[in-house]
Amino acid sequence: MRVTVNGQEQELAEGTPLSSYLEFRGLDPSVIVVEYNFQILPEQDWEGIILKENDNLEILRFVGGG
Amino acid sequence: MQDKLKIADQEFSTRLLIGTGKYACDEFIPDILASSGAEIITVALRRVDFEATVDNVMYHIPEGVQLLPNTSGARNAQEAVRIARLARAMGCGNWIKIEVISDNKYLLPDGYETVKATETLAGEGFVVLPYISPDLMVARKLVEAGAAAVMPLGAPIGSNRGLKTRELLKIIIEEIPLPVIVDAGLGRPSQACEAMEMGAGACLVNTGIASAAHPVAMARAFAQAVAAGRQAFLAGPGASQGTARASSPLTGFLYEEQSV
């Protein structure tokens, strides 16, 4: 299935849980924020989400800035 | 003497805010922070780069520092609001520097969109510090919209050109009943010092420190300049004169003719 992550289409296995995807990406949950289909998703809600066709994910973090 | 910078319900002992952009490596940040004495620092929100290392700016920012995320990248109020909400969801507080920019050459902020974003975000409980051109009418609308401070520019972002907007900044400082934080364009400590002498509440410096040959030393120089400028403002500088006024007494000269 196709999922858009940070503006790029990706091919993921059917039924991939969001938390597994984030773990696979090696992301530290304490320093990222996730927007799932344009809704901010608090960390406690990651566990219940199973990614599906055409989902849109934004995964962001703070960087140096002025 | 207690001279605190008060923003929203928080008080700060120092009046230099620093940015964290343009450093070759985020590992420099703790030393810059320490030598600047800054208690408020800005960061930006960006998509995770899956190709890059797992380092993160947050690993280099000590506890207890007030984080001021910016909405850089926002081109209108709606985008700024989205970025602000995401930044708050990061769990590092509810402060936000609104930056709405659609002009890529001079990076000048859009006052109208900034006011709209401020209204929305202040209504949602954010502590809002908007980055603006030093426009009195925009600043007044921001006061009404619930801003906690205003951040007028001295010169275009990253230009190191100093207080090119001096006369307009003076008007904002005189008329706006909120802390005025001069942001953008301050390339040298003397410029930050002058802004503080004029009565600015604080200065925000990023490029002026980051682009110096020795950023840690420059951060300290900015801190000293900001503190000196603040003290000078509180001390009340004397009036300037067009002609000389002797500092030594004008009587009792050695060769003075004695009157008989």
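In the predicted model, helix α4(B) is followed by G146(B), whose phi is positive, near 100 degrees. Helices (H or I, at least four residues) and strands (E, at least two) are DSSP runs, numbered from the N terminus. Residues are numbered from 1 along each chain as its sequence is written, and chains are lettered from A and ligands numbered from 1 in the order in which they are written. As the model is predicted, local features need pLDDT of at least 70 and side-chain atom pairs count only at pLDDT 80 or more, while totals for chains, interfaces and linings use all residues.

Helix α4(B) spans residues 136–145, and V138(B), A139(B), K141(B) and L142(B) are buried in it. A residue is buried if 20 or more other C-beta atoms, placed from the backbone, lie within 10 Å of its own, exposed if 12 or fewer, and partly exposed in between. Seen down the axis of α4(B), the buried residues fall within an arc of 160 degrees, so they line one face of the helix; the arc is that of the directions from the helix axis to the C-beta atoms. An α-helix has 3.6 residues a turn, so residues three or four places apart point the same way. The exposed residues M137(B) and E144(B) are carried on the face of α4(B) turned away from its buried side. The packing partners of the buried residues of α4(B) are α3, β7 and α5 (166–175) of chain B.

Strand β7(B) belongs to an open sheet of 3 strands in the order β6-β7-β8 (chain B), with parallel pairing; two strands pair if DSSP finds at least two bridges between them. Strands β6 (95–98) and β8 (151–152) of chain B are at the edges, each pairing on one side only. Between β7(B), residues 127–132, and β8(B) there are 2 bridges in the parallel sense, and I132(B) stands opposite P152(B) in β8(B). Helix α3(B), residues 111–123, lies across β6 and β7 of chain B and runs at about 175 degrees to β7(B). Axes are lines fitted to C-alpha atoms, for helices over the stretch in contact, and angles run from 0 to 180 degrees between N-to-C directions.

Chain B contains 8 helices and 10 strands, and buried residues make up 45% of its 260 residues. The largest nonpolar core has 82 residues, of which I181(B), C203(B) and F222(B) touch the most other members. A nonpolar core is a set of buried Ala, Val, Leu, Ile, Met, Phe, Trp, Tyr and Cys residues joined through C-beta atoms within 7 Å. Helix α8(B), residues 215–235, gives the most to this core, with 7 residues.

The contact between the chains takes 20 residues from chain A and 28 residues from chain B; two residues are in contact if their C-beta atoms, placed from the backbone, lie within 7 Å. On the side of chain A that touches chain B, the largest share, 7 residues, comes from β5(A). Strand β5(A) is joined by 5 bridges to β4(B), residues 40–47, and the two run antiparallel. The bridge partner of G64(A) in β4(B) is V43(B). Within chain A, β3(A) and β5(A) pair in the antiparallel sense over 4 bridges, with I59(A) in β5(A) as the bridge partner of V34(A).
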